[in-house]
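Dear colleague,

Please find below the structure that I am handing over to you, together with its sequence.

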Amino acid sequence: MSPWLTVVGIGEDGYKGLGKNARHALLGARQVFGSSRQLDLLPPCIQAERRQWPSPFSLQPVLEQHGEAVCVIASGDPMLFGVGVSLSRHVPIEQMRVIPAPSSYSLAAARLGWALQDVVTLSVVARPLAALNAQLHNGLRLLVLSNDGSSPAAIAALLRERGFGPSRMTVLEHLGGASERRIDGVASEWSNPEIAALNLVAIDCRAEPNTLRLSPLGGLPDDAFRHDGQLTKRDVRAITLARLAPVPGELLWDVGAGCGSISIEWMRAHPTCRAVAIESNEDRQQLIEFNRDALGVPGLQLVRGRAPDALEGLEPPDAIFIGGGVTRAGVLDSCWQQLRSGGRLVANAVTLQSEAMLVNWREQHGGDLTRIHLAHAKPLGEFDTWRQALPITLLEAIKP
């Protein structure tokens, strides 16, 4: 079937900035969908019926026109945080044509002289601002699509709170249009000027001298987490994550999640990594909610309950970590049963009873056991000596 749906990217310069193919698609369409602002950019020569998106937003009005000549107009590149991505999940690409315009990111990079391939591109349009926390690293450059005119001030406040007050900020309004404007400043001194709703924030990240370094490669400092003592310590956490082996797009169950350190580190390994933290203690549930936002993974799903009952109905995972509840009846077997084929199960034990559970389970299902011994230098009078931490027994098994 030839394409019945055309998604046209349009810039602030409107119809005059469109190429021949985009103009022909609009001239031949029976219906054109878009926001009121975008539809107002079209000249009278476009005879198609103009339809605004419903509120709440839905693609259904477009999908109901299957087989008709339909155009959807979107800002910039429709396949970059745009409606084209949403439509492609419902309409086969053979039935859809996408004609992009320069994205706001491309225009911003051109204005700033930044190499686009070296920049992290983000969006806080209807997305949690806390997601920026995972990308704050000294020397990194960010281009952030704002949700509205209040976003720059909120971003400046977040930068100050996280120790990135010296960061340079540039707000670019109405990129590519007659009303384009640029506002420069520093996050620590941001004066909250009035900003147009349509804007992008460019951030040249600069950390204060004592800002906590939050590596995305695992092994965050223990004091990066708010916890009550139920925390997989940094060195053990790094070893555990190496055995879990995060892969982009995969899903982790963090069973008995405590403060959420393992699932948070898993999600920080790659933007597409997903995780579910299962925790029954109400105080620790609050710690997970705080830590996931503070460390930039607001998408971490929290399941309030106790395994194995709380596992029912969850999407089967690619990897499971059991940090608490190993001795509870049915937890190990239920996790193993629901793990995808080829998935990894990792469980840590500190007590003799939990270690015995792992040893017995391994005899039935296989896997590898590793004993982790760590020691830290601590003062002893006028000298230093090694203080042994509690040994950890780690079980790793791969499901056939």
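**Conventions**

This is a predicted model, in which local features need pLDDT of at least 70 and side-chain atom pairs count only at pLDDT 80 or more, while totals for chains, interfaces and linings use all residues. Residues are numbered from 1 along each chain as its sequence is written, and side-chain values use heavy atoms, with hydrogens and water left out. Helices (H or I, at least four residues) and strands (E, at least two) are DSSP runs, numbered from the N terminus.

**The open sheet**

Five strands form an open sheet in the order E3-E2-E4-E1-E5, with parallel pairing; two strands pair if DSSP finds at least two bridges between them. Strand E3 (49-52) and E5 each have a single partner strand and stand at the edges, so one side of each lacks a neighbour in the sheet. On average, neighbouring strands of this sheet are turned by 20° against each other, direction ignored; the axes are lines fitted to C-alpha atoms, for helices over the stretch in contact, and angles run from 0 to 180 degrees between N-to-C directions.

Strand E1 (residues 5-10) pairs in the parallel sense with strand E4 (residues 70-75) over six bridges, and valine 8 has isoleucine 73 of E4 as its bridge partner. E1 also runs parallel to strand E5 (residues 96-99), to which four bridges join it; here threonine 6 is partnered by arginine 97 of E5.

How many residues of E1 are buried? Six of the six are, so the strand is largely enclosed by the rest of the structure. Buried means under 20% relative accessible area, exposed over 50%, and partly exposed in between (1.4 Å probe, protein chains only). In a regular strand the side chains alternate between the two faces of the sheet. In E1 both faces are covered, with Leu5, Val7 and Gly9 buried on one side and Thr6, Val8 and Ile10 on the other.

**Nonpolar cores**

A nonpolar core is a set of buried Ala, Val, Leu, Ile, Met, Phe, Trp, Tyr and Cys residues joined through side-chain atoms within 4.5 Å. The largest has 30 residues, of which Phe225, Leu244, Leu252, Trp266, Leu295 and Leu300 touch the most other members. At least two residues of this core come from each of helix H7 (234-244), helix H8 (261-268), strand E12 (274-279), helix H9 (282-294), strand E14 (319-322) and strand E19 (392-398). H8 gives the most, with four residues. Apart from this core lies another, of 25 residues, among them Ala310, Leu314, Val331 and Cys335.

**Helix H10**

The buried residues of H10 are Val331, Leu332, Ser334, Cys335 and Trp336. Their cover includes strand E11 (251-255), E14, strand E15 (344-349), helix H11 (352-365) and E19. Serine 334 lies in H10 (residues 331-338) and counts as buried at 14% relative accessibility. Its side chain makes a polar contact of 3.0 Å with that of glutamine 338. A polar contact is a pair of N or O atoms within 3.5 Å; within protein, one must be able to donate a hydrogen and the other to accept it, and residues adjacent in sequence count only if both atoms are side-chain atoms. Leaving aside neighbours within four places in sequence, serine 334 is in contact (heavy atoms within 4.5 Å) with Pro308 and Leu311.

**Aspartate 318**

Aspartate 318 is located in the loop between strand E13 (301-304) and E14, and is buried, with a relative accessible area of 16%. A polar atom of its side chain lies 2.8 Å from the backbone nitrogen of leucine 251.

**Aromatic pairs**

The structure holds four aromatic pairs. Rings of Phe, Tyr and Trp (its six-membered ring) pair if their centres lie within 6.5 Å; planes under 30 degrees apart count as stacked, over 60 as edge-to-face and the rest as tilted. The rings of tryptophan 53 and phenylalanine 57 have centres 4.8 Å apart and planes at 55°, so this pair is tilted. Tryptophan 336 and tryptophan 361 form an edge-to-face pair, at 5.0 Å centre to centre and 80° between the planes. This pair links distant parts of the chain, with tryptophan 336 in helix H10 and tryptophan 361 in helix H11, 25 residues apart.

Yours sincerely
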